[in-house]
Amino acid sequence: MLPMTDIAIVGYAQSPPTFGVQETETQMLFPAVNEALARANLTRADIGFMCSASCDYLSGAPFAFVQTLEVTGAWPPISESHVEMDGAWALYEAWVRLHHGDIDTAMVFASGITSRCDWREVSALQLDPYYLMPLWVDDISLAALQANALIESRKATERNFAEIAARIRGGDADEFLKEPYVVEPLRAHDTPTMSDGGAAIVLAVGDRARELCERPAWIAGIDHRSEAHYPGVRDLTISDAARIAGQQSGVGKGPIEVAELAAQFSHEELVLREALGLTDGTVVSPSGGALAANPVIATGLVRIGEAANQIIDGGRKRTLGHASAGPCLQQNLVCVLEGE
Amino acid sequence: MSEETKTDEHVAFMSQMVNLDYKIVTSPVHRHFDEQMREGRIVGHKCPSCGLVYVPPKGFCPRCSVITNEDHEVEVKDTATVTSFTVVTPIQYQGQKERDEYVLANLLLDGADSSIGQQRIEGIPHDEVRMGMRVKAIWATPDERTEEGGGMRGWGLTSAVKHWEPSGEPDAPREQYQEHVL
């Protein structure tokens with residue numbers, strides 16, 4: 001365990017999710033980064049550490065992330081790092097970096113443009129090259145296996161999925177159920193709306209955070225865990241990784257008012273609710289979650305940012321942001337946030 | 001794989017060909033730059049904060065983090081200084097069109113503060129190419145200027161400039177380009 005340092009989110013912004021962005025990834029990120037800094041009353045030069053998240057497989061170019069670094073105004077040279085993962089893991093790295101104690105601010109940003117690749121193909125290629133990749137099984141097909149496992153174990157029905165989709169997207173579950181399958185038992189409304197987008201979060205330590213933000217969203221706990229590598233050895237109806245990450249980040253220490261879940265598929269919300277022990281008293285994904293807009297790589301960071309805004313702007317006391325990566329909720333990160 | 005590996009009867013090999021298609025989107029800023037190139041004009045954006053001129057334009061100043069647009073457009077010259085160069089020996093792989101050695105240089109265009117990479121130098125023996133050498137653009141005829149090669153990743157000058165040749169001017173002093181050597 002790290003020694004506890006009080007670290008809070010003091011600024012967050014995301015670029016409006018769209019599909020088919022015309023600008024460069026760097027241009028797309030600029031407004032989000034500017035706004036997150038403005039909300040924290042900071043400039044780029046004030047930031048002690050920057051951590052970015054991007055994925056070369058989305059843009060189809062090696063070192064694509066180098067160009068997005070231009071949003072940092074990296075002159076004179078800055079201290080920075082990068083993860084080829086969802087931005088939530090970049091936030092985790094920044095959180096660890098702040099524990100070093102020599103800096104008091106950090107900025108995290110993430111971007112993904114899914115409209116320039118075939119995400120289903122790219123997601124298939126993310127899998128291990130020996131057993132899964134040759135099957136050419138994509139993210140929707142793997143998600144359908146998990147949804148099927150829930151149905152076969154009688155934990156859920158297609159109607160349950162449709163009701164979640166109707167709550168998030170607006171609409172009528174009965175109408176949704178008349179739609180054809182994309183991959184049985186998933187229909188279009190159960191699969192994520194792929195998006196282009198970016199997000200930025202500013203972190204600050206202790207009194208610096210109180211100075212910069214009227215109501216900082218304190219990181220009360222953050223943890224990430226991974227399931228076994230091969231989906232075939234897992235019980236897909238549960239998520240041990242999410243459960244342990246939830247326990248380690250202290251989800252159960254008090255009521256959670258709002259949970260922003262990176263449930264890309266409607267049935268994933270059911271798995272995550274159970275794993276995190278969420279009750280009906282928790283409002284789940286009022287932003288629409290990952291189902292309504294899925295700018296891959298930024299999706300999880302957006303969840304943490306939205307959960308933070310529930311405290312910063314919304315006056316809530318205790319929320320959580322969740323991020324996931326890999327097939328069938330393979331990796332899970334949970335960040336519990338508290339207001340003072 | 002080695003011959004021994006191939007003949008090992010206990011190991012089976014399979015090839016897994018992977019193909020991914022991507023859409024390359026040319027941003028509005030780069031599209032405008034490409035259009036101007038086809039008109040025979042090399043343009044950049046001048047940062048309203050620090051005054052640096054970026055060619056091709058980025059739509060922002062990466063040092064000041066200021067957004068720029070066509071209001072900040074300036075034209076630069078089609079003459080330049082070689083800041084660094086490479087004599088490339090092409091390796092013959094499938095799809096390689098080059099057969100003979102050629103020179104690619106990083107150029108600082110007159111009027112620009114950002115250098116531009118991957119520019120072909122012709123009209124001079126390769127062992128005479130040098131840092132500080134002055135060059136001029138050799139433009140393609142207007143009907144040869146296609147959209148090919150435009151806007152890709154923010155480098156290159158599209159098909160409008162075929163290559164660069166020595167201009168015959170005396171070499172630039174090192175102080176003029178030493179901050180732009182890659």
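Residues are numbered from 1 along each chain as its sequence is written, and chains are lettered from A, with ligands numbered from 1, in the order in which they are written. Local features need pLDDT of at least 70 and side-chain atom pairs count only at pLDDT 80 or more, while totals for chains, interfaces and linings use all residues.

**Exercise 1. Confidence**

Task: State where in chain B confidence is lowest and where it is highest.

Solution. 
- Step 1. pLDDT is the predictor's confidence in each residue, from 0 to 100. Its mean over chain B is 89, and 91% of the residues of chain B reach 70 or more.
- Step 2. Helices (H or I, at least four residues) and strands (E, at least two) are DSSP runs numbered from the N terminus. The lowest mean in chain B, 47, belongs to helix α1 (residues 3-7), and the highest, 98, to β5(B).
- Step 3. Over residues 1-5 of chain B, pLDDT stays under 50. Where pLDDT is low, predicted coordinates should not be read in detail.
- Step 4. For the model, ipTM is 0.86 and pTM is 0.93.

**Exercise 2. Two helices of chain A**

Task: Describe how α7(A) and α11(A) pack.

Solution. 
- Step 1. Axes are lines fitted to C-alpha atoms, for helices over the stretch in contact, and angles run from 0 to 180 degrees between N-to-C directions. Helix α7 (residues 158-169) and helix α11 (residues 266-276) of chain A meet at about 100°, with axes 8 Å apart.
- Step 2. α7(A) is therefore roughly perpendicular to α11(A), a class covering 65 to 115 degrees.
- Step 3. Residues are in contact if their C-beta atoms, placed from the backbone, lie within 7 Å. A:Phe161 and A:Ile164 are among those contributed by α7(A), and A:His267 and A:Leu270 among those from α11(A).

**Exercise 3. Backbone geometry in chain B**

Task: Locate B:Ser65 and B:Gln118, and decide whether each is buried or exposed.

Solution. 
- Step 1. A residue is buried if 20 or more other C-beta atoms lie within 10 Å of its own, exposed if 12 or fewer, and partly exposed in between; C-beta atoms are placed from the backbone.
- Step 2. B:Ser65 lies in the loop between β3 and β4 (66-67) of chain B. Its phi is near 60°, a positive value in a residue other than glycine. B:Ser65 is buried, because 21 other C-beta atoms lie within 10 Å.
- Step 3. B:Gln118 is part of strand β8 (residues 116-121) of chain B. Phi of B:Gln118 is also positive, near 60°. B:Gln118 is exposed, with 12 other C-beta atoms within 10 Å.
- Step 4. Most residues other than glycine have a negative phi, and most peptide bonds are trans. The bond from B:Val55 to B:Pro56 is cis, with omega near -10°. B:Pro56 sits in the loop between β2 and β3 (60-61) of chain B.

How values were computed. Contact = placed C-beta atoms within 7 Å. Parallel < 35°, antiparallel > 145°, perpendicular 65-115°, else oblique.
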